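Hello,

Here is the structure I said I would pass on to you. Have a look at it first, and my notes follow below.

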Amino acid sequence: MSNDTYAIDGLTPNTVATPTSVEGLSEALATSARDGLAVSPAGGRTRTAIGMPPARYDVALDTTGLDNIVAHNAGDLTATVQAGVTIATLQAKLQEHGQFLAMDTPLPDRATIGGVLAVGASGPLRWQGWGVRELVIGMTVVAPDGVTTKSGGHVVKNVSGYDMSRLHIGALGTLGVIAEVSLKLTPLPTGQATITASFRSAADAFSAGMAIFHGRTSPLALTWFSPVAAQKLGRTRKGSHHLAVRLAGRPRTLARMVDDVTASCNEFGPVDTGRVDGAEHEALWRGVADFGWDEATRPAASLRLSLPPAAAGEVLASLESAAATRGLMPAIIAHMAAGTVLVNLFSLDDSGLAAGKLDGVVADTRKLARQRRGTAVLEQAPVEAKRRLGVWDGGGEATAIMRRLKAQYDPGNVLNPGRYLDGI
Amino acid sequence: MNDSKLITRLKKIVGRDYVVHKPDGLIVFEYDGSVDRSMPAAVVLPASTSEVSQVVATARELDVPIVARGAGTGLSGGAVPTQGSLVLSMTRMNRILEVDPENHIAVVEPGVVNLDLSAAVAEHDLYYAPDPSSQQACTIGGNVAENSGGPHCLAYGVTTNHVLGVEVVLADGSVVWLGGRTSETSGLDIRGVVIGSEGTLAVVTKVVVRLLRRPEAVKTLLAVYASLDEASAAVSDVIGSGIIPAAMEMMDDLAIAAAEPAVHAGYPDGAGAVLLVEVDGLTESVEEESELIEAVMARHSPMEVRVARDADERARLWAGRKGALGALGRLAPNYYLIDGTIPRTRLVEVMAKIKDLSAESGFPIANVLHAGDGNLHPSILFDERKPGETERVLELGGRILKLCVDVGGVLSGEHGIGIEKREYMPYMFNERDLSAMKRLKDAFDTRDALNPGKIFPQGVDESQYAQSGSVSKAGPGAHA
């Protein structure tokens, strides 16, 4: 592969290292760091768009060669895998034993477990409401000096020492390179089904979703789509705003969930409701998780908001109009129980993303998020826009601690320099 | 250090009534649920974040270390004031500041008692899931420090899975929020490392917790087996059938023998193991899962299977498990409660080895365990009045923990490392691992002012800590 493949925001590394073992990873990292070279760890490179443009970028450290599933302890519902194992490979292996890793991530054929954890963002699927960070029970990390350390263990209940893995989940590889992780697994549900409903207004669809959130059924996913998002996902039923609810359980339980969720939808005058099973159900959720990251739905820019669940509904209409009045087309997806709102912005014409359009939408969106004690991260945007607007939404009062942690774990500032918040 | 200066300044901050410095008042703060003992410099009871901040800043100025303390129910010596620390008793900060049923969250002060939180949100049909066995006494702040679990964490997870944000006072007295009211935040998950850090990184002054909808139905099943082998096989079989019950608890013959005369559970003669399984959720789900579990229990030659039909019967089935530790007093004057986790599939093997260690050492060991997640609580029975017994028991405890680690397990499932197990940390972690952890400590607390002497090995002779560990007077109120 050419070094261009590893380009980040237009910067191409001089060197690509492709270790195939933890020892090799340690050696490659130590060698680069010793020379003061800036290193960017890479997994499946599905979401390298996230982060500020690198301040320096010399070496791409490709971890996909660490592709060993070290252990799958089916009876313990745990697995230990190297960072470069793809999500699809892992899920296929677990599925043979009736288990799965309770996460859903964009482009699982390419995305690696190390990459997914470094990004730290959760997809639509949440078991027990848990995000990806809740699934990690142990981690091995390589520091810039090549020293390999481990924390946690291979059991699901553990308070032996600091939970160091938390530092690296969502750190975008700025404190160390994830080499190996131990994970908590979940039995595959006996049956699954999705209830879909469409409504005349955003508010009706959201209210139905909140009724489900407050109900006794705990869905695997509870997702709201704006009209453009629904259309791009091929949800072309009548009505403008859609809801999809992913349910799982044994036969009688599933039937009860279907009844309850349908009843909640019916309270808010749906234009249409339906049930989706099997391959269509799988395809729907694959599309939702991939949205904004696959070729077909890649936006000109996107924001990821995290809000208290009820607050998400209050801002949806404003988010739509903020984009529309500036001539951008928003495709909004909200994972309601988690309070995650994904705002994908598309250009209406060939003029692209004029600065004036995007800056206003981002400013308005951040203001809305802040008013409701949430955050908005600019996940995708043209390089110039990222520099201008900033990607991260600030670490708040904790930023000083983040800087001290960076100084402790990467004193030479060689890991992904400049890509994290506040210049980290 | 000038004590009177410290006391004067503290009184100015919190008021004279809330500073304890006379020896007779300090005695109760010498220890926690373990019997590590150490006299604090003083005890201060702040009422607000601002007071905590001022106290921490003052202690820093006068170079006095600080130990924050909740209800003192901890079992690893985490709240014991080593090095003449100032104890920050958080019990006055016990207000539930906000319940937000729309977002399923509550904001509480650290001194709120665990069970009081669930009681306070029950009117909204919500509850707080982590349920340490000491939940009638232990505080949310203490739970955050220890990342506490409980019987029902098998399905629902431990404290860190239910805390969205914490307000903390750092070692320099500054106040910061880590995390918040949302499931994700921008930047490092510092909240995630502070939870379970045993009070060594920061003092928690507010906690945002996630609340769950109360289950519509609950069902408890109990099976009695002739030996732990059958019970353990049933546990694996339940998990293998694709069910993660809300709780899956086990007791061995000695724990049964202790509990039976106390709670009159009516376990049959020759009972070698009791397996208690609870499922909750939708009525249909509880029915489907309990039918499957009953069938699984039956496959492993039970002496008896009981299924509770109502809340009273459920309470009766739990009575044996909940009363087991307290009842150990019928068998011996003291017990040493151990907390280690092993991979669930190694249960039979490890329990057999614990039996061997018991026979070899001559000390009876009773076992109650959170079998579903492999969290063992062997209790070594002994008499502290007999010279040398305590030391031998502690040494035996260390061997059991080594055994847990050797089969791929860990030193602590839910009680923490504290003082008790700090010298065992090298069983699990090498110097480089510990050094990485130490750097985390340094990023927060360079002067080692917050809960010094905990978690990290001190490189001292263990015999200095002859009274280390959760060696308890057996009797009512004991829990795990």
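Let me start with chain B: of its 480 residues, 59% count as buried, where buried means that 20 or more other C-beta atoms lie within 10 Å of a residue's own, exposed means 12 or fewer, and partly exposed is in between, with C-beta atoms placed from the backbone. Please keep in mind that this is a predicted model, in which local features need pLDDT of at least 70 and side-chain atom pairs count only at pLDDT 80 or more, while totals for chains, interfaces and linings use all residues. Residues are numbered from 1 along each chain as its sequence is written, and chains are lettered from A and ligands numbered from 1 in the order in which they are written.

Chain B as a whole

Chain B has 15 helices and 20 strands; these are DSSP runs numbered from the N terminus, H or I over at least four residues for helices and E over at least two for strands. Its radius of gyration is 22 Å, close to the 23 Å that the globule rule gives for 480 residues, so chain B is as compact as a globular protein of that length. The radius is taken over C-alpha atoms, and the rule is 2.2 Å times the number of residues to the power 0.38. Along the principal axes, the C-alpha atoms of chain B fill a box of roughly 70 × 60 × 40 Å. Among contacts in chain B between residues at least 6 apart in sequence, 74% join residues at least 24 apart; a contact here means C-beta atoms, placed from the backbone, within 7 Å.

Inside chain B

Helix α9 (residues 253-263) of chain B has buried residues Leu254(B), Ala255(B), Ile256(B), Ala258(B), Ala259(B) and Glu260(B). They are covered by elements including β13 (247-252), β14 (273-281), α11 (311-327) and β18 (365-370) of chain B. Just after α9(B), His264(B) takes a positive phi of about 50°.

Strand β18 of chain B is where you will find Ile365(B). Ile365(B) counts as buried because it has 25 C-beta neighbours inside 10 Å. Not counting residues up to four places away in sequence, Ile365(B) touches Ile354(B), Ser358(B), Pro378(B), Ser379(B) and Ile380(B).

Where the chains meet

How many residues of chain A are in contact with chain B? There are 67, and they meet 70 residues of chain B. The largest share of that side of chain A, six residues, comes from α12(A). By class, the side of chain A that touches chain B divides into 26 nonpolar, 26 polar and 15 charged residues. Here Ala, Val, Leu, Ile, Met, Phe, Trp, Tyr, Cys and Pro count as nonpolar, Asp, Glu, Lys and Arg as charged, and the others, Gly among them, as polar.

Helix α12 (residues 399-409) of chain A packs on helix α15 (residues 431-444) of chain B at an angle of about 140°, with the axes 9 Å apart. Those axes are lines fitted to C-alpha atoms over the stretch in contact, and angles run from 0 to 180 degrees between N-to-C directions. On the α12(A) side the contact is made by Ile401(A), Arg404(A), Leu405(A), Gln408(A) and Tyr409(A). The partners on α15(B) are Arg439(B), Asp442(B), Ala443(B) and Phe444(B). This contact has five nonpolar, one polar and three charged residues.

Best wishes

Key: Contact = placed C-beta atoms within 7 Å.
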